[in-house]
Amino acid sequence: AAGTSTAASTSSPPSSLVAFHRLFVELTQKTAHFRQLYEKYTVHYYVAIERLQQAKLASPSLALFLSAPTMSLQSYLIMPVQRLARYVLLLREMGLSVASQSMAAIVSAINEAERSAEADRKARQSLRELNERLAPRIPDLERAGRKWIARGELAHLTLLDMRVHARHYELLNDSLLLTKPRSRLKLSLKQRASLIGAKYRDLSADEVERVGGGGLKWVVELNTPSQGFIFGFSSRAERSRFLAALDQCETKKPNRLQGGDGVRDSRGSISEE
């Protein structure tokens, strides 16, 4: 009997470990604040490190103050980022599988939030760099959810004066910018069109001739909610690249027309600069 009792006691975890397991699972599963706290810290960690590096470059005295002989400030700042992954390993080694799985799920969610934040930071940086090249600049260009998609060259046939203008385009997920290079780094903004609800189709040679664009090749008609465009491209590949980029519009993907004019509604806008 004594042997049986001893075997049972050695095979069961101590009551304190069971209580810890139960408490930890309850904390991670029922307390959203726990995950949100670490998620916010992790998402902002890389921005903080970048600003810290900028501050050290701007202030040699600060850099000297922070050059500790043992652990640097960066080493302390990364500890909360690394802590949760270490919790997963520790709990697994302790045999607390449920707690380990709960913590692993939290780590996965935080990593996904960090990847999303990093993608958003890169998107904003791309738009910021583009806006610095534009004249005039667009005040709301860097708004949340907007992404840069593609750029290239095209020929724009304006039906008002029946002239063909060489244009550089910048395609965003919700709008098209037609520009004219002023220098190697600067772009003069000519037109900005919303792509929400836009439709497009290829034009045949006969159709191009009828609208007075006989000199254009690889032609596309793009109908935005408030205005139609006729674009020509230098090659079939350039046209295909432009159309493939159009299909990446996230707000409402442009639809290919089967023929005739596109249906226009009151959504979206276009502004002449």
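**Exercises on a predicted model**

Of the 273 residues in the protein, 36% are buried, where buried means under 20% relative accessible area, with a 1.4 Å probe and protein chains only. The model is predicted, so local features need pLDDT of at least 70, side-chain atom pairs count only at pLDDT 80 or more, and totals for chains, interfaces and linings use all residues. Residues are numbered from 1 along each chain as its sequence is written, and side-chain values use heavy atoms, with hydrogens and water left out.

**Exercise 1.** Find out how many helices and strands the protein has.

*Solution.* Start with the rule: helices (H or I, at least four residues) and strands (E, at least two) are DSSP runs, numbered from the N terminus. The protein then has nine helices and 10 strands.

**Exercise 2.** Describe how helix α3 and helix α6 cross.

*Solution.* Step one: locate them, with α3 at residues 32-58 and α6 at residues 79-93. Step two: their axes come within 9 Å and cross at roughly 130°. Here axes are lines fitted to C-alpha atoms, for helices over the stretch in contact, and angles run from 0 to 180 degrees between N-to-C directions. Step three: this makes α3 oblique to α6, because angles under 35 degrees count as roughly parallel, over 145 as roughly antiparallel, 65 to 115 as roughly perpendicular and the rest as oblique.

Step four: look at the residues. Phe-34, Tyr-38, Tyr-41, Thr-42 and Tyr-45 of α3 make the contact with Pro-80, Val-81, Arg-83 and Leu-84 of α6, contact being heavy atoms within 4.5 Å.

**Exercise 3.** Work out whether His-165 is buried or exposed, and what lies around it.

*Solution.* Next, check the accessibility: His-165 has a relative value of 16%, so it counts as buried. Then list its contacts, leaving aside neighbours within four places in sequence: Leu-154, Ala-155, His-156 and Thr-158. Finally, take Ala-155, which is 10 residues from His-165 in sequence, while their C-alpha atoms are 5.6 Å apart.

**Exercise 4.** Find which elements have the lowest and the highest mean pLDDT.

*Solution.* Recall that pLDDT is the predictor's confidence in each residue, from 0 to 100. The protein averages 81, and 81% of the residues score at least 70.

Conventions. Buried means under 20% relative accessible area, exposed over 50%, partly exposed in between (1.4 Å probe, protein chains only).
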